[in-house]
Amino acid sequence: MCSSITDKTEVQNAVTISELSKFYGEFEALKHIDLEVTQGERVVVCGPSGSGKSTLIRCINGLETFQSGGLEIFGEAAGGKRNGKTDPRHKTGMVFQNFNLFPHMTVLDNCTLSPRKHKRGTRDKLDALALEVLDKVKIKDQADKYPSQLSGGQQQRVAIARALCMEPEILLFDEPTSALDPEMINEVLDVMVQVANEGNTMICVTHEMGFARKVADRVVFMDAGEIVEIAKPEDFFSTPKTDRAAEFLSQVL
Amino acid sequence: MGFDFEYALSIVPQILKALPTTFLVTVLCCFCAAVLAFAMEFTRRSGRILGYVMRFIIDAIRSTPILAQLYFVFFVLPFYGLTLPPMVVGVLGLSVYYSGYLAEVYKAGIDAIPRGQWDAAKALHLSRWDTISVIIAPQMLRNIAAPMGNYFVSILKATPYLAVIAVPEMLGEAFDIASDTFRYAEPILVVGIIFLSLALVIAQLVRLLEERMQQSLKR
């Protein structure tokens, strides 16, 4: 178990993962993962492709099932499978590598769909809220457009807004900049930094080491389905403890 | 006995009397088949055992002749105490038969939707029904507008089957005229032309609908 690096003594765990294992048939994609993320903490998960980092965060919000081990969200156990309205995983929001916006809905409708379906308020109130969030990600003027009319970077900012509109307590990012053209990466990272600075609990799978350096409280390095190393970014980047991490860093930095 | 153009024109009104029935059966069947296929396709996807059962049912529907199905409902069920009016049997029979095919079309339309759409719906904690009705169905319909339209035309063209169970549709009406006068060329040709015009109208409507859907995608 790793202790979280925060000043406060009594901070609630947002996510507690213990002994979590995930199999695809015979293949063990995640091997006895232990990880605690405290409320307000920003964790960057990195590692070579196929190391299980995406699988791990997909387990947290129930997009993947797992076969053994435990997952708690704010102290509430979430089983291997989803269970209806009371599932604590409802406190999570997610941003995907390929945006996954709904192509047949406007930007605004993409953002308000889930709050509307969860009866978070009247349409007017939710529209206003969504416009506020869209303003924050600097894309308010595109609210009535369709996703296909936007650039990749714009689409990803909409996807971030859509996740924020559910007012999630934990934000999950699954390689949010990997599908973007290089010149669009920064506009998305800027928004992510901004979101991070607002005190949200974030777990980001990313290869953007600059982002990790800037906002992460801890870096989790995974390889071959295991957590190999957990460290503060300054320690991780300057003096990685394991050879595997050192090798990975030599390739991405 | 050559083709009598005047005679052909004179029987048009009598055949057109059956047009409302043909039209009604077509519209009802298109609607029922579309809804039924929707239920069948999403049942097929909803669970393992239910999925296998539904797959068998869909295959069975598609693998038996439509006439056998119609005769079964019309002649065999009354033997077991269930007698339905011909119109009901006809609509039911055609709807079920074509729902089997439409379910396959839906399947292709859903398979073409990127996996990420389901993921996003789940990540936004939408219920299964909301996911299907708001996210998946609209994108599916856009994918399958053309093949679905084909089946609607097929349903129209299958209405003459109902003549065998005494539903007064157009081809049956034409045959009644023919057997009275022993002139076959004119009634059959008239019916053929009417069906052709109807099919062309439907096809054109589908094309317009398709174009509109594509436009909303491009917007």
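User: Where in chain B is the place of B:H125?

Analyst: This is a predicted model: local features need pLDDT of at least 70, side-chain atom pairs count only at pLDDT 80 or more, and totals for chains, interfaces and linings use all residues. Residues are numbered from 1 along each chain as its sequence is written, chains are lettered from A and ligands numbered from 1 in the order in which they are written, and side-chain values use heavy atoms, without hydrogens and water. Helices (H or I, at least four residues) and strands (E, at least two) are DSSP runs numbered from the N terminus. B:H125 sits in the loop between helix 6 (115–123) and helix 7 (128–158) of chain B.

User: Is B:H125 buried or exposed?

Analyst: Buried means under 20% relative accessible area, exposed over 50%, and partly exposed in between (1.4 Å probe, protein chains only). B:H125 has a relative accessible area of 5%. That makes B:H125 buried.

User: Why do the buried residues of helix 8 of chain A line one face?

Analyst: In helix 8 (residues 243–252) of chain A, the buried residues are A:A245, A:F248 and A:L249. The arc is that of the directions from the helix axis to the C-beta atoms. The buried residues line one face because, seen down the axis of helix 8 of chain A, they fall within an arc of 100°.

User: Which exposed residues does the face of helix 8 of chain A turned away from its buried side carry?

Analyst: An α-helix has 3.6 residues a turn, so residues three or four places apart point the same way. On helix 8 of chain A, the face turned away from the buried side carries A:D243, A:S250 and A:Q251.

User: Which residues have the most contacts inside the largest nonpolar core?

Analyst: A nonpolar core is a set of buried Ala, Val, Leu, Ile, Met, Phe, Trp, Tyr and Cys residues joined through side-chain atoms within 4.5 Å. The largest has 80 residues. Its largest share, 11 residues, comes from helix 7 of chain B. Those with the most contacts inside this core are A:V15, A:I17 and B:I135.

User: How many helices and strands does chain A have?

Analyst: Chain A has 253 residues, and 54% of them are buried. Its secondary structure comes to eight helices and 10 strands.
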